[in-house]
Structures are given as C-alpha cells and as structure tokens.
Amino acid sequence: MNDTQTLSQRADALEDKMSRELDHIVIKSRLYSMAEGDMGPPANANALMAKNPNARVLMGDDPRLPAMPEKPTLMDFFKYRFGPAAHLLQSARHAVKAGLPDNMVLACLLHDISTIGFIRGDHGYWGAQLVEPYVDEEVTWAIRAHQVLRFYPDASVGYEYPQAYIKAFGADYQPDPYVEDDYNRMRNHKWYMSGRMITVHDIYSFDPNVVVELEEFTDVIGRNFRQPEQGLGFDNSPVAHMWRAMIRPAKYL
C-alpha cells in the first residue's frame, strides 16, 4: 500500500480491497461521509459493480462483523455490536453500590448505548428512543435527561461541571440553546433526580483498571428490560429499524 497516502486514503483502499475479496461492495452512508467532511457525490454503485463484475452491493449480513443471533437480545448487542462498554458497566456498578433501584441501575448501564453503538451527537436523545419500548418511562426520561444535565452542576449531590469537558470543549463552551431550554424544563421535573443520578455515576466511571463483567447485570436486565420475543430489530416496534441499523450498519438500502 502506498505510504504517501493519508490515513483516510489507506482506510478507503483497505475497505475497497476487503470488499473485492468478500465479493461485496460496501457503500458508506451519507451521514458517514458528512462525518468525514465529505460533501462530494455519493459512490456510484453501478460504476463500482462495472469495475467488479462479480461483486454486489451489501444487502445482508456484513461478513466483517461478528454474526448476530437470529433473535438478538440486549446482551447480544453488548457482546457483538456495542463498542467497548467498560464505562457503562462501571457506571452501573457504581449505581448498585450506591443502592439505586434496579431501574436506575439499568439506566446507568444503558445511558451511552447510542455513543458506543449508533451515533454520538445528541446521544442521550437517541439512546432514550432506542430503549423506549422496552423499559419503564422513568428510565427513558433519565437517559434523555443525562444528555442535558451533565452540562450543569448540582451542589446538592456533589456534581460539578466535568474538568474533562473543559479540556475537550474549551473553557468558553456554552451548550446549545435547545439544551438550555431542556435544562430549564427538566430541573423541575418529578424525575429530575433520576437523570441527575446518571450524571453522578457517569463521571466517576472511567477507570481503565476496573473490570466489570456484563453478566453482573443479567438479573437486572431480565427484570427491567422487556426483551421482545422476535429479537431486537424484528418486533415491529417504532424503533426496530434503529436496532437493525446496528445489526447491518453497511446495508445498502
């Protein structure tokens, strides 16, 4: 491979090589391209197939990814699709040690699943939507709220604005107006403290030396997550398509 190529060019070349070897053409979604700052025309599948007459665009399972069970469970997504989940597992263990009820332990376990499996921007809103049909309303509300509340200190529970945010976003960063608006609504909500507890058990859960196994939460998940019989992504729920997008993230259409 040409050493003068940029990292992005080498990644694209490797993807092209893998696609040809797998007899599949992988077309990146427009969202992926925009995340790369690419506003050029999307890849022309017909032209790519003309160059690779034995290949077809990817419409089924991606052979580069671990196979998912026919009826995937939440734990299957943790094992085969979600990125490193150590932070979420630590957060949930913190919640257990603090004596939080089961549903809030589950909320801590799930609060960043959008970040590690789907999309980063507005991850609390997306994460809440992903789990809404399967958990109680308080869990959904708290996951959505943590997205907002993490930007605002609360001395009553010892939560300060994270130093990591100052380093990452700059000392002069101000949340978007919609975040401020949501904060003003959320701080007087009956479940405010549920969302706040996620931020409390979120900020202290980044220790690389702490190992927590997913199986510690098998019972919590079993009692509080309504696993669909058909499997996540196949139950005709309003969010099934989002889970299918994680099962087959490179599906052409």
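The largest pocket in this predicted model is lined by 38 residues. Ser29, Ala245, Arg248, Pro249 and Ala250 are the ones nearest its centre.

**The largest pocket**
- Its volume comes to about 1300 Å³.
- Sort the lining residues by type and you get 21 nonpolar, four polar and 13 charged.
- If you're wondering how anyone finds a space like this, rolling a probe the size of a water molecule over the atoms shows where empty space is left.

**Helix H9**
- H9 covers residues 137-149, which makes 13 residues.
- From first C-alpha to last, H9 reaches 18 Å, close to the 18 Å expected at 1.5 Å a residue.
- Is H9 mostly buried or exposed? Eleven of its 13 residues are buried, so the rest of the structure largely encloses this helix.
- Among those buried residues are Trp141, His146 and Leu149.
- What do they pack against? Their partners are helix H6 (102-110), helix H8 (123-131), helix H11 (177-186) and helix H12 (192-203).
- Take a look at the start of H9 too: a side-chain oxygen of Asp136 comes to within 3.0 Å of the backbone nitrogen of Glu138.

**Helix H12**
- H12 has twelve residues, which should span 16 Å at 1.5 Å a residue; the C-alpha atoms at its ends are 17 Å apart, and that agrees.
- Ten of the twelve residues are buried, so H12 is also largely enclosed by the rest of the structure.
- The buried set includes Tyr192, Arg196, Met197 and His201.
- Buried residues of H12 pack against helix H5 (86-97), H6, H9 and H11.

**His24**
- His24 sits in strand S1, which runs over residues 24-25.
- How accessible is His24? Its relative accessible area is 25%, so it counts as partly exposed.
- Between the C-alpha atoms of His24 and Glu215 there are 36 Å, and the two residues are 191 residues apart along the chain.

Methods. Residues are numbered from 1 along each chain as its sequence is written. This is a predicted model: local features need pLDDT of at least 70, side-chain atom pairs count only at pLDDT 80 or more; totals for chains, interfaces and linings use all residues. Side-chain values use heavy atoms; hydrogens and water are left out. Helices (H or I, at least four residues) and strands (E, at least two) are DSSP runs, numbered from the N terminus. The expected span of a helix is 1.5 Å times one less than its number of residues. Buried means under 20% relative accessible area, exposed over 50%, partly exposed in between (1.4 Å probe, protein chains only). Contact means heavy atoms within 4.5 Å. A polar contact is a pair of N or O atoms within 3.5 Å; within protein, one must be able to donate a hydrogen and the other to accept it, and residues adjacent in sequence count only if both atoms are side-chain atoms. On a 1 Å grid over the protein atoms alone, a cavity is a set of points where a 1.4 Å probe fits but cannot get out, and a pocket is an open set with protein on both sides within 12 Å along at least five of seven lines; lining residues have an atom within 4 Å of a point. Grid points are joined across faces, edges and corners, and a volume is the space filled by probe spheres set on the points. Ala, Val, Leu, Ile, Met, Phe, Trp, Tyr, Cys and Pro count as nonpolar, Asp, Glu, Lys and Arg as charged, and the others, Gly among them, as polar.
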